[in-house]
Amino acid sequence: MLSGVEPTAPFDKAYLYSFLGKLYIEKDPAKAQKYLVDAVKLDVLSFTDQAGLLKNIADLSLGDKKFQQALDYYAKWMDFTGETNPDVYLRMANCYYEMKQYSKVIAPADLAIAGLKTPKKEPYLMKLGAYYEAKQIKKAIEVLETVVVIFPEDKQWWVQLGSFYSLDEQYDKALAAIELAYKQGYLKTENEIKTLANLYNNNSIPFRAAAVLEKHMKSGLLKKDRSTLSSIASSYNAAREFDKAAVYFGELAKLENDGEAYRRQGTALLMAGKESAAVPALQKALEVGVKDKGRVHLAMMEAYFYQAKLKDAYRQNQLARDNGQAKAASSWAGYIKERAEKKGISL
């Protein structure tokens, strides 16, 4: 009914356009915006009404992704009212972010932070996103170092701080942040636990990497698959916990029927001083198939040698030589022959 009315007096027009605009906000935001703009241009309504129209236009423009128009009307609202509002500053920061004008995001975000009586996460997220997109990682880290103090109970900040330290290759600080989050019980997902393990490895603490993966695999959080078993085994191996490494290389080998995993199991057992147990694993590696058979024969040679089974050791030495490990085999051959001669064993 109202849309057909055409008043002549400026105040009546402005009042009608304002009223129609507000009615259309939910039903047709674009039409609402047109009516409100027409009402504002007449500039005859009360101070409160005019101020409300300017802000409504800005908010509708933002919702319609007309970011520059939204910025213009937020600026007009502030000029008209002389007021500042942290939520308005935050929306302005959002406009600049959406327009990819990342350097302009920071000032309104900081004004929003300064104007808030109770801290909110949103302006910090704006700053963080802007610095990240602008590849200013050190500035992003400064933001995160601030928010973990303001919102210490929020796990996302600790995890992100660790990630950004890693991006900046500050692996010791990355580990400190993620480890602290872990100790507070904030790490709940598979990827978060794997991130912690990777940081332990990057900081040359492979035993803790293996232990944390092992713990959460047994709890069911991590899948008992190739990735997890391989990571646990390799980390224990790097930590020189060869017995434990052999267990997990063995589990991986059985799960995947993987010759290389059997080879690594055998090598780990050899390093653990369990030569007799190493032989079956190495034999299984050859049965299943490996790319470098010569390495397996060398490992079997060592296993037999340290069991004083010199004939078997020499045989494996010759097989290693015939399978691409001639140089390593030749350096052992004389040693095996010398030992056999002393013991009176004919090779």
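1. Helix α14 (residues 242-256) and helix α15 (residues 259-271) pack with their axes 8 Å apart and at an angle of about 160°, which makes α14 roughly antiparallel to α15, a label for angles over 145 degrees. Axes here are lines fitted to C-alpha atoms, for helices over the stretch in contact, with angles running from 0 to 180 degrees between N-to-C directions, and helices are DSSP runs (H or I, at least four residues) numbered from the N terminus.

2. This is a predicted model, in which local features need pLDDT of at least 70 and side-chain atom pairs count only at pLDDT 80 or more, while totals for chains, interfaces and linings use all residues. Residues are numbered from 1 along each chain as its sequence is written, and side-chain values use heavy atoms, leaving out hydrogens and water.

3. A search of the whole structure finds 19 salt bridges, each being a side-chain nitrogen of Lys or Arg within 4 Å of a carboxyl oxygen of Asp or Glu. One of them joins aspartate 154 to lysine 121, with the closest N and O atoms 2.7 Å apart; this pair links distant parts of the chain, 33 residues apart, with aspartate 154 in the loop between α8 (137-150) and α9 (155-167) and lysine 121 in the loop between α6 (106-115) and α7 (122-133).

4. Aspartate 154 is buried, because its relative accessible area is 13%, whereas lysine 121, at 32%, is partly exposed; buried means under 20% relative accessible area, exposed over 50%, and partly exposed in between (1.4 Å probe, protein chains only).

How values were computed:
Helix = DSSP H or I, 4+ residues; strand = E, 2+ residues; numbered from the N terminus. Parallel < 35°, antiparallel > 145°, perpendicular 65-115°, else oblique.
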